[in-house]
Amino acid sequence: MKDLTAGTRPKRMPQKHRTIDRVTRIIEEVVYKPGMNLAELVRVLNAPKSSIYGFVQGLLASGWLYEENNRFYLGPTVHSLTLASGHIRAGFVTHADLLSLNKATGVAVFLGVLAGDHLIYIAQEGTDPVIDFAARSNIRRSLLNTAGGKALLAAKSDADRTSYLRRCGTDQEKLVRAFLSELQEIQRTRIATNLRETRFAVATTVNNQSGQAVAAVTLVGAEDEIRPRADELGKLLVQRVNTWVKRKISAREAI
């Protein structure tokens, strides 16, 4: 009888990688002990401070971590992967908040946060087939061609906003010019809109207790349904998110 195993290679076992181990350990420590600072991470990982600092900076830039008062919390990127898989986690805005907006407006509601230079949707209530597909197939969205991204960009400091716009490539020059023409009105009303193919969106920012914009809530639907109601929906959005400002945010859910 022929030996069917002859000539086959033994399965190679996965090998540990020091860099990957340290990066994943940082994320794990922050998940289970939110609010850790750099010194605590260095002590727990027993690694050079310069190495841990570099890893942390990379995780902050890509949205895996979020820093507040020199302490680190789980960032929005991990929530975006949950959304992409179809299992939605609401983050620091409650499911009840989004559900209430959905019922009051009759259109899909999306919660998005900044991850580096991009907008990531981390939760939703209601459905819109076009946007649902886009959110799951393209996790990171440009700030300039989303209503939520425009709202968050308008809320940035002048220096940070200018820096972002300068980083935009030549393929986004038209979008940059369009945004700059809308900027003052967005800042005045706290409302940004966007038309993408047949979908019209209305968005505003969610601010923390210190007034910093930490997320964007967007209402999305067919253009012929949403555009005529844009003013009404915008006022409702601002009214609703203003009631969330005084809510205490759990450290584990910090964005």
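1. R188 is exposed, with a relative accessible area of 61%, while E185 is partly exposed at 43% (buried is under 20% relative accessible area, exposed over 50%, partly exposed in between, with a 1.4 Å probe and protein chains only). The two side chains form a salt bridge, 2.7 Å from N to O (a side-chain nitrogen of Lys or Arg within 4 Å of a carboxyl oxygen of Asp or Glu). Because they sit 3 residues apart in helix α9 (residues 173–189), about one helical turn separates them.

2. A word on the basis: this is a predicted model, where local features need pLDDT of at least 70 and side-chain atom pairs pLDDT 80 or more, while totals for chains, interfaces and linings use all residues. Residues are numbered from 1 along each chain as its sequence is written, and side-chain values use heavy atoms, leaving out hydrogens and water.

3. The structure holds 9 salt bridges. Another is between E29 and R25, whose closest N and O atoms are 2.9 Å apart. E29 is buried, at 11% relative accessible area, and R25 is partly exposed, at 33%.

4. D117 lies in the loop between β3 (108–115) and β4 (118–125), and R167 in helix α8 (residues 158–167), 50 residues apart. D117 is partly exposed, with 29% relative accessible area, and R167 is partly exposed, with 46%.

Conventions: Helix = DSSP H or I, 4+ residues; strand = E, 2+ residues; numbered from the N terminus.
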